[in-house]
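Here is a short briefing on one protein model. Please read it beside the sequence and the coordinates.

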Amino acid sequence: MNVHEVPVRAGNPFCTPESAQRWHDFIAARLLDDLRTEYGCGPDGSGPGPWDYRKALEAASGDLRSFTTAWSGGDPEKIEDAWWGLKNTARPWKAHPDYPEPISDGTMPCPVPEPESGHPCVKRIPRGWTPSEGHGGGHFWEAPKVTELHAAGAHIDNSALLAGQPAKWHLPKDCTPDCWKWRNR
Ligand SMILES: [Zn+2]
Ligand SMILES: [Zn+2]
């Protein structure tokens, strides 16, 4: 793909043609599993028959086609819609080892950086969720230096930070009674 052909990217960095294809192939493989294991095997000979299988497979292929069309059109909203169509179809097989996205144990960092500064988001993906599902609320982007200072228990002058000025800070051992940490309470 030439650079000038790359459409406006959707907000979700997981929405790529490669991952859409992976979701589609995963769904197709699971449908085939279901067809093999369940067709005609229910107590009354029920189960998803070849017709249901073809219908479900056709729906997944349709979603992939919509994605491809949206991707070449560069419409972020349609790209997301089609992508989530695929991902939601795959939801019943979330426990399958081939599930195309990792599932958080609660410690997985949010993978979406601030678009301009590239600062990482300090929120975690909740347990049982996938990175593309994200986390509650908005992202909390923070300069790695600030995160490091927070972790060290440093007192940071947030008013300077919010004004876009370099953060003033000191460690608790260097604190004085007129520190902004006490002043702002
Ligand atoms: Zn985030
Ligand atoms: Zn202080």
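What share of the contacts with a separation of 6 or more comes from residues 24 or more positions apart? In this protein, such residues account for 46% of those contacts; two residues are in contact if their C-beta atoms, placed from the backbone, lie within 7 Å. The model is predicted: local features need pLDDT of at least 70, side-chain atom pairs count only at pLDDT 80 or more, and totals for chains, interfaces and linings use all residues. Residues are numbered from 1 along each chain as its sequence is written, while chains are lettered from A and ligands numbered from 1 in the order in which they are written.

**Fold**
- The protein has 6 helices and 2 strands, as DSSP runs numbered from the N terminus (helices H or I, at least four residues; strands E, at least two).
- Their order along the sequence is α-α-α-α-β-α-β-α.

**Burial and core**
- Of 185 residues, 12% are buried (20 or more other C-beta atoms within 10 Å of a residue's own, C-beta atoms being placed from the backbone; exposed means 12 or fewer, partly exposed in between).
- The largest nonpolar core holds 16 residues (buried Ala, Val, Leu, Ile, Met, Phe, Trp, Tyr and Cys joined through C-beta atoms within 7 Å).
- Helices α1 (17-38), α2 (50-73) and α3 each give this core at least two residues.

**Helix α3**
- Helix α3 covers residues 76-90.
- Its buried residues are Ile-79, Ala-82, Trp-83, Leu-86 and Lys-87.
- They line one face of α3, because they fall within an arc of 135 degrees seen down its axis (taken from the directions from the helix axis to the C-beta atoms).
- Exposed Glu-77 and Asn-88 sit on the face turned away from the buried side.
- Beyond its neighbours within four places in sequence, Trp-83 contacts Cys-15, Ala-20 and Phe-67.

How values were computed. The expected span of a helix is 1.5 Å times one less than its number of residues.
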